[in-house]
Amino acid sequence: MLTSPYSRPEFDPYGSNDVPGVVSGHWKAPQASQPVTGELQIPGSKSLTNRELVLAALADGPSTIKRPLHSRDSRLMIEALRSLGAEIVEVPGEGAFGPDWKITPGELIGSTTIDCGLAGTVMRFIPPVASLALGPTTFDGDEGARRRPMATTISSLRALGVDVADEGRGSLPFTVHGTGNVAGGALTIDASSSSQFVSGLLLSAARFENGLDLTHSGERLPSLPHIEMTIEVLRARGVKVESPEVGRWIVKPGHISAVNVQIEPDLSNAAPFLAAAVVTGGSVTISGWPIETTQVGNDLLEILPLFGATVSRDGDKVTVTGKSDEAGNPVVHGITLDLTTGGELAPAIVAIAALATTPSTITGIGHIRHHETDRLAALANELNKLGGKVTELEDGLQIEPAELHGGVWLSYEDHRMATSGAIIGLVVPGVEIENIGTTSKTLPEFPELWSSLVESSHS
Ligand SMILES: O=C(O)C1=C[C@@H](OP(=O)(O)O)[C@@H](O)[C@H](O)C1
Ligand SMILES: C=C(OP(=O)(O)O)C(=O)O
């Protein structure tokens with residue numbers, strides 16, 4: 001079992017740590033000279049941690065969040081909620097990846113500025129909370145955050161009677177002028193560019209006077225499992241939520257109960273580690289895998305076998321074993337996949353597909369052009385720079401088999417671009433990742449966990 005960087009007292013999940021192997025700003029992606037084999041734990045889910053933080057701050061009493069994710073996105077969420085009036089303190093916990101948190105809700109007070117960083121969960125989940133606060137709250141974030149779509153959040157709040165002042169571009173920065181209450185009621189929105197517009201409204205809706213009857217009207221609705229996750233965490237806190245048909249959600253007004261929760265490991269962040277087994281013909285075990293979950297990362301257990309891998313399960317341990325030929329060389333088949341429900345898995349899936357011996361087509365992911373970066377363009381650019389044959393489609397990527405060579409892999413401030421470059425670097429010599437530190441968005445331990453997994457396979 002690999003150890004956590006938390007065993008080192010100097011490790012700071014929110015700061016910039018010296019990453020072994022970084023030379024002139026670039027991280028030499030470890031190359032696997034043997035099939036990657038090992039067992040590890042993955043830190044807590046970003047999506048669950050940031051939902052539970054919001055609900056704990058809106059609840060009717062103090063709650064504890066056990067085994068939370070400590071990363072840039074969860075820190076930004078904590079700072080946002082603190083500045084709106086919640087008290088959040090660290091308490092000792094049993095998780096391998098840092099302390100627990102105790103959250104005590106306070107009176108919601110605006111007159112503050114919130115830094116969303118590049119966190120979609122902060123920029124889409126907190127404005128409805130700020131609508132319930134008394135006083136103005138200004139939202140801004142990284143340069144890249146100003147490019148992410150926010151028009152649906154802004155127009156939703158306005159339709160609910162909340163005054164929002166923006167620069168007319170449908171993006172950050174903007175100011176929500178909260179008056180202490182939101183009437184709520186029926187609302188129709190277009191959430192085709194992000195499911196987070198729906199989740200953000202649902203999370204606060206029980207605190208609206210009339211609750212919310214929300215309908216999505218738009219071409220498509222991505223990332224449905226993330227909306228199911230929102231419904232599940234709301235119900236676990238006693239909120240009455242119904243979805244009478246696909247694309248419609250009704251939240252009754254009422255209390256959000258204070259409950260203690262334990263965060264599941266981030267199954268989407270397990271993707272690169274499991275991919276390491278697939279592309280090297282190795283075998284990687286993740287412990288603590290939940291039996292039941294709304295996390296879309298659980299779909300990896302069905303997706304990775306399409307590449308030729310096998311998946312086995314023993315209690316809370318899940319093992320993915322890559323396919324290899326008689327000589328022991330890894331064998332990766334190309335796949336055809338509609339990834340509408342799991343866009344955040346795309347960078348890891350595309351990296352595996354780029355190492356396959358037959359073509360792949362991944363579709364249903366046009367909306368990931370609005371993630372941390374335009375992920376379709378970024379993946380095509382970086383793979384093609386290394387000799388890949390990747391074509392951008394309107395809603396996906398087509399990947400032809402190609403002999404890849406080393407070079408610098410740009411991260412675009414995108415944690416999942418950085419980790420997909422690391423997957424390529426396992427089997428392609430000389431891949432250097434620019435800004436591996438960007439993994440601190442959701443997995444500050446990545447370079448350390450990755451290097452020790454690869455190194456332990458060599459011994
Ligand atoms: O609600 C959430 O926690 C998330 C929803 C999804 O967003 P999109 O619907 O914008 O893809 C996902 O990709 C993102 O990583 C996290
Ligand atoms: C899209 C992602 O993040 P965010 O929560 O910032 O939207 C992601 O983590 O892949």
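## Helix α7 and the glycine after it

Glycine 281, which comes directly after α7, has a positive phi near 70 degrees; helices here are DSSP runs of H or I with at least four residues, strands are E runs of at least two, and both are numbered from the N terminus. This is a predicted model, in which local features need pLDDT of at least 70 and side-chain atom pairs count only at pLDDT 80 or more, while totals for chains, interfaces and linings use all residues. Residues are numbered from 1 along each chain as its sequence is written, with chains lettered from A and ligands numbered from 1 in the order in which they are written.

The helix itself, residues 271-280, is mostly covered, since 10 of its 10 residues are buried. A residue is called buried if 20 or more other C-beta atoms, placed from the backbone, lie within 10 Å of its own, exposed if 12 or fewer do, and partly exposed in between. Among the buried residues of α7 are Phe273, Leu274, Val278 and Val279.

Glycine 281 lies 7.6 Å from glycine 328, C-alpha to C-alpha, although the two are 47 residues apart in sequence. Glycine 328 sits in the loop between β19 (323-324) and β20 (330-331), and it counts as exposed because it has 9 C-beta neighbours inside 10 Å.

## Two domains

The domain assignment, which is automatic or taken from a database, gives domain 1 (5-43 + 266-458) and domain 2 (46-262). Their C-alpha centres lie 29 Å apart, and 23 residues of domain 1 are in contact with 27 residues of domain 2, contact being C-beta atoms, placed from the backbone, within 7 Å of each other.

On the side of domain 1 that touches domain 2, the residues divide into 7 nonpolar, 11 polar and 5 charged. In this scheme Ala, Val, Leu, Ile, Met, Phe, Trp, Tyr, Cys and Pro count as nonpolar, Asp, Glu, Lys and Arg as charged, and the others, Gly among them, as polar.

## The two ligand shells

Ligand 1 is surrounded by 13 residues, of which the closest are Ser47, Ser194, Ser195, Ser223 and Glu344; a residue is taken as near a molecule if its C-beta atom, placed from the backbone, lies within 6 Å of it. The elements that give two or more residues to this shell are α3 (120-131) and α5 (196-205). By class, the shell around ligand 1 holds 1 nonpolar, 11 polar and 1 charged residues, and at least three residues come from each of domain 1 and domain 2.

Around ligand 2 are Ala119, Gly120, Thr121, Glu344, His371, Arg416 and Thr442, a shell of 1 nonpolar, 4 polar and 2 charged residues. The shell around ligand 2 likewise draws at least three residues from each of domain 1 and domain 2.

## Annotated positions

An unreviewed UniProt entry lists Lys46, Gly120, Arg148, Gln196, Arg375, Arg416 and Lys441 under "binding site"; such annotations may be inferred rather than shown by experiment. Arginine 148 lies in the loop between β8 (134-140) and α4 (151-159) and is buried, with 23 other C-beta atoms within 10 Å. Leaving aside residues up to four places away in sequence, arginine 148 touches Gly120, Met123, Ser171 and His370. Arginine 416 belongs to helix α11 (residues 415-427), and it too is buried, with 32 other C-beta atoms within 10 Å.

The unreviewed UniProt entry also carries the annotation "domain: Enolpyruvate transferase" for residues 31-448. Over residues 31-448 the chain is 28% helix and 25% strand, with the end C-alpha atoms 14 Å apart.

How values were computed. Two residues are in contact if their C-beta atoms, placed from the backbone, lie within 7 Å.
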